[in-house]
Protein chains: 2
Amino acid sequence: MPHVSHLKSLQAVEMAIRTGSLKAAADALGITPAAVGQRIRALEDYLGTDLLLRGRSGLQPTPELERAMSDLRQAFSALERVTETLDFQRISEIQVVADPDWAELWLAPRLPAFREEHPNILFCINGAGDVPLRLGAPDVRVDYGDGRGEPLFSDILVPVTGLDNTRRIADWDPVLQMEGMPLLHLDVQRESPDHPGWVEWFKAFGHRESGPDRGVHYKHARIALEAVRQNVGFLVCGLSLVLSDLDAGSIVTPFPLAQHLRAPHPYRLTLRADAARRPQVQRFAAWLKAEADKTSQTLQSRVLSG
Amino acid sequence: MPHVSHLKSLQAVEMAIRTGSLKAAADALGITPAAVGQRIRALEDYLGTDLLLRGRSGLQPTPELERAMSDLRQAFSALERVTETLDFQRISEIQVVADPDWAELWLAPRLPAFREEHPNILFCINGAGDVPLRLGAPDVRVDYGDGRGEPLFSDILVPVTGLDNTRRIADWDPVLQMEGMPLLHLDVQRESPDHPGWVEWFKAFGHRESGPDRGVHYKHARIALEAVRQNVGFLVCGLSLVLSDLDAGSIVTPFPLAQHLRAPHPYRLTLRADAARRPQVQRFAAWLKAEADKTSQTLQSRVLSG
DNA sequence: TTTCTTGATAAAGAATATCTTTAGTAAATG
DNA sequence: CATTTACTAAAGATATTCTTTATCAAGAAA
């Protein structure tokens, strides 16, 4: 019983004939043209026969190969059905627990792009999503802090406000511009030194001397930002969480971005050891890191340019 | 267009189902059971689904795999037809030019074993064989001498004779036992100092003082050995060329093998650069070297043990 | 039961196969 | 002609794939 060898070579040959050129085959297979050529030549060497006529602009099977082409096509079309069948069934869910503000304001707007590419992957994020919460440790955690876990990115904290409020600043004291302005805070900003807020910002950059901790406190950044959009007041907030608002113009940064505080800690990613083996989780993690890198870049350039 | 990945894993899965066990699949594929398990698990990990139920004494496809099995079988049966078609066409001939005595007496008796394993490889050895001689340099050369080429083995030269002649020795002069005995020679032994014969042997070990170069001269060792078998006389000959005769008892070595001459040169193998790329030639060369090594071993142990 | 055998699995390192890179060639195109 | 395009060659880097070795579990035999 002759067992089949040179599977990848056969695949390359089939693809080369199907697409009509090594380059096109290479693209289809996600490798370089040189690699396709090598695969094919390996088989040709093994057989001691040429298989492809590399004619001018276009490939042709030699008579030897021609006799096998029908079965070859059939084989790979069957294999494609196999992978399609298997892939289709490969539903997978990922349980995510993350810092609530980050999940709502950074992850949520980015996730649809990932889900479009991976419709088989279902999510449960902080208990809500496609699938119900499961007991036990989540597959993926993203926490703000100095614990373990791979850093994703470190945020930049800046004052933000609604469109109308910027004008109000201009009308007031040119030095202590924020004096008397309505301040908004997050609960964590008074509860934890890891979350700098107005108090720290005024200390660093001035603009106000009295009652830096006065004003409304919100539990969730999303709610606070909603208030900001409605010109309720001024909030110190992670720049990464309002990038789309800034682009849309629904929120503005009233001060130069050079006047910012660095978040004391990064957001950190941890995978449950068990889950880290699943390719779906690996892909999600890789995507998270890539997106986080993009955000890092964006934060950098924003701070530098304005 | 989803291109097919994990080809080898799919092959392993198909074979495992077909044969009913990882071990059997491993044998069929010519690898170890552990490797089969790894291939399969790689795919299972990738998909995030189990594919095989490793039940007690027998494998079963999971429902997920079951849905793909039909196409999977079809794919690999088509691939087997492909390789059969291609393999069938893969006739290949190897042109060999070699020392005639070596070719007739060493290569010829060993070659059938190789040809059994490689029925697609046809030979033309010194102009004769499956296929006619072709013009130009041969694919493989085996020469005796000090030229270029990889040494195969160095021969050991000893006196040989037919069964009946051994008794005659015992009847004669206990010191100069060979005095008066009929000597056989090869043409090359008088024409070339690279081929020691009786003259050199007597000089080294005694047993005769007069007319060491007297007697019949043969062109081919094969003919000379035929005469030896018929008790025509005594011949100094490469031990490697008479191993099967010694085993069969049709020829004997009348003196202790310790009384031997070393051939001044080894047999040497050279491949035409062009031909060396062909896998068939590579396999033949590898086989030659392996057989030569065996012969080396055999010569060693014979000389030492008796 | 205990012991032996067989088949499957895990981990680690070795051996290959495979890919990318870089450079170079020949045909097609402007 | 000069340029582009597709393919090829060689070398080194990277990954996969395999073997080895040891262990485990289950069934067969003592």
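Is A:Arg229 buried, partly exposed or exposed? This is a predicted model, and in it A:Arg229 counts as partly exposed, at 27% relative accessibility.

**Stop 1: helices H9 and H10 of chain A**

Select A:Arg229 together with A:Asp245. Their side chains meet in a salt bridge, 2.9 Å from N to O. A:Arg229 belongs to helix H9 (residues 221-229) and A:Asp245 to helix H10 (residues 243-248), so this pair ties together parts of chain A that are 16 residues apart in sequence.

Next, select A:Glu14, A:Arg18 and A:Glu80. Salt bridges with shared partners join these residues into one network.

**Stop 2: helix H11 of chain A**

Over all chains the structure holds 35 salt bridges. Two of them involve helix H11.

Select A:Glu291 and A:Arg110. The closest N and O atoms of this salt bridge are 3.9 Å apart. A:Glu291 sits in helix H11 (residues 279-305) and A:Arg110 in helix H5 (residues 100-117), 181 residues apart in chain A. Both A:Glu291 and A:Arg110 are buried.

Because A:Glu150 lies in strand E7 (residues 150-161) and A:Lys289 in helix H11, the pair ties together parts of chain A that are 139 residues apart in sequence. A:Glu150 counts as partly exposed at 39% relative accessibility, and A:Lys289 counts as partly exposed at 31%.

**Stop 3: aromatic rings in chain A**

Turn to the rings. There are 30 aromatic pairs over all chains. Select A:Trp102 and A:Tyr267: the ring centres are 6.1 Å apart and the planes stand at 40°, so the pair is tilted. A:Trp102 is in helix H5 and A:Tyr267 in strand E11 (residues 261-271), so the contact ties together parts of chain A that are 165 residues apart in sequence. A:Trp102 and A:Tyr267 are both buried.

**Stop 4: helix H8 of chain B**

What is the arrangement of the aromatic pair B:Trp198 and B:Trp201? The pair is edge-to-face, with 5.6 Å from centre to centre and 85° between the planes. Both residues lie in helix H8 (residues 198-205) of chain B, three residues apart, which is about one turn of the helix. B:Trp198 is buried, with a relative accessible area of 0%, and B:Trp201 likewise counts as buried at 0% relative accessibility.

Terms used. Residues are numbered from 1 along each chain as its sequence is written. Chains are lettered from A and ligands numbered from 1 in the order in which they are written. This is a predicted model: local features need pLDDT of at least 70, side-chain atom pairs count only at pLDDT 80 or more; totals for chains, interfaces and linings use all residues. Side-chain values use heavy atoms; hydrogens and water are left out. A salt bridge is a side-chain nitrogen of Lys or Arg within 4 Å of a carboxyl oxygen of Asp or Glu. Helices (H or I, at least four residues) and strands (E, at least two) are DSSP runs, numbered from the N terminus. Buried means under 20% relative accessible area, exposed over 50%, partly exposed in between (1.4 Å probe, protein chains only). Rings of Phe, Tyr and Trp (its six-membered ring) pair if their centres lie within 6.5 Å; planes under 30 degrees apart count as stacked, over 60 as edge-to-face and the rest as tilted.
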